[in-house]
Amino acid sequence: MDTTLPALRKLRGRHFLTDLDYSREELEDLLRLAANLKALWKKRPLTPFLPGQHLAMIFEAASTRTRVSFENGFAELGGNALYLRPGEIHLPGRESIADTARTLSQYNSAIEIRSKKNETVDELAQWSTVPVINGMDHDRHPCQSMSDAFTILEHAGTLAGVTFAYVGDAAHPCNSLSTTLTKLGLNVRVGNAAGYEMAPELATLAAGFAAESGGSFLLTNDPLEAIAGADFIYTDCWWWTGQEDEYKDRIAAFKPFQVNRDFWGHTKPGARFMHCLPAMRGEEVTDDVADGEASIIFPQAQNRMHFQKALMLALIGVDELPADPDLQPIGKALLS
Ligand code: CP
């Protein structure tokens, strides 16, 4: 994909709740900005496009990557991020989502939220007067899927025509990856265990996006069929907090989906291994693959920050061209 900087002002003020709200061209524009920001970051990490601005980060659930990549990324953009946990603010319980959104909008340029419920994220956005970014909810993880698209772009040099396979549980990354990547023109092959498949309406959406973009979409219960010919193989945890009662059933159902040395023997030569992390090593992936030559899991984690910096910058925008000459090419794109 050509990484020439696009005109970005059109994205200013938007929320980012799901990739479904963005056109293919808009998603590609965000990837182009991420590529430009990362190139600048390699030269100089501190790029103060947003000096003196604030980001509110609400986390109703634990996070390592999302919290740190947003917080450090916003600091690198010259701003300050606030980590807000239940028990420290009045949400949930003592204050409504609407009042929280309207209050936080008084002091912040954007609000990032990780919630256990899609409805909380959507209602916060409904009332907020500043951009709201979904840092993962019950079904969606669009920052992850777009950061992963950026990682694939970096490694493959292109997106259209690349074959991507996801094997394992149909949780948030699987959902968002299926729609994001089919929209961007990839061939997406999803292997979910029987009884744990992604929602049929989401599979239909992904197939429709693939038909429009020139990609393809496959949903199968056979993990080896899913990874056939794939350039990138991705997996995620088999169970989540709150599913402890299902643990034994899930381990049994997903056992054939474990990405281990034998499984890797069925992959296309040169294929890369991806995982959004955290990994439950010994369950969905073994150490020899996670730490093997094909693994790109830690550069993938780093790219969360580069993509999210691009996202925050595009949604918040700038009012004037930065005086710093290094920042001016991106500043011009943000203003045009
Ligand atoms: N991949 C991801 O969202 O990681 P965290 O849960 O650590 O934020």
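**Close-up views of a predicted model**

**View 1. A salt bridge joins D326 and R44.** The closest N and O atoms of the pair are 3.2 Å apart. A salt bridge here is a side-chain nitrogen of Lys or Arg within 4 Å of a carboxyl oxygen of Asp or Glu. D326 sits in the loop between α12 (297–316) and α13 (328–335). R44 sits in the loop between α1 (24–43) and β1 (54–59). The pair thus links distant parts of the chain, 282 residues apart. Helices (H or I, at least four residues) and strands (E, at least two) are DSSP runs, numbered from the N terminus. Across the whole structure, 20 salt bridges are found. The model is predicted: local features need pLDDT of at least 70, side-chain atom pairs count only at pLDDT 80 or more, and totals for chains, interfaces and linings use all residues. Residues are numbered from 1 along each chain as its sequence is written, and side-chain values use heavy atoms, with hydrogens and water left out.

**View 2. Residues surround the ligand.** The shell holds S63, T64, R65, T66, R114, H141, Q144, C276, L277 and R304 (a heavy atom within 4 Å of the ligand). It divides into 2 nonpolar, 5 polar and 3 charged residues. Ala, Val, Leu, Ile, Met, Phe, Trp, Tyr, Cys and Pro count as nonpolar, Asp, Glu, Lys and Arg as charged, and the others, Gly among them, as polar.

View 3. Alone, the ligand exposes 250 Å², and the protein buries 93% of that (Shrake-Rupley method, 1.4 Å probe).

**View 4. The peptide bond from L277 to P278 is cis.** Its omega is near 5 degrees. P278 is placed in the loop between β9 (272–275) and α11 (287–290). L277 is also one of the residues around the ligand.

**View 5. M136 has a positive phi.** The angle is about 115 degrees, although M136 is not a glycine. M136 lies in the loop between β4 (132–134) and α5 (142–156).
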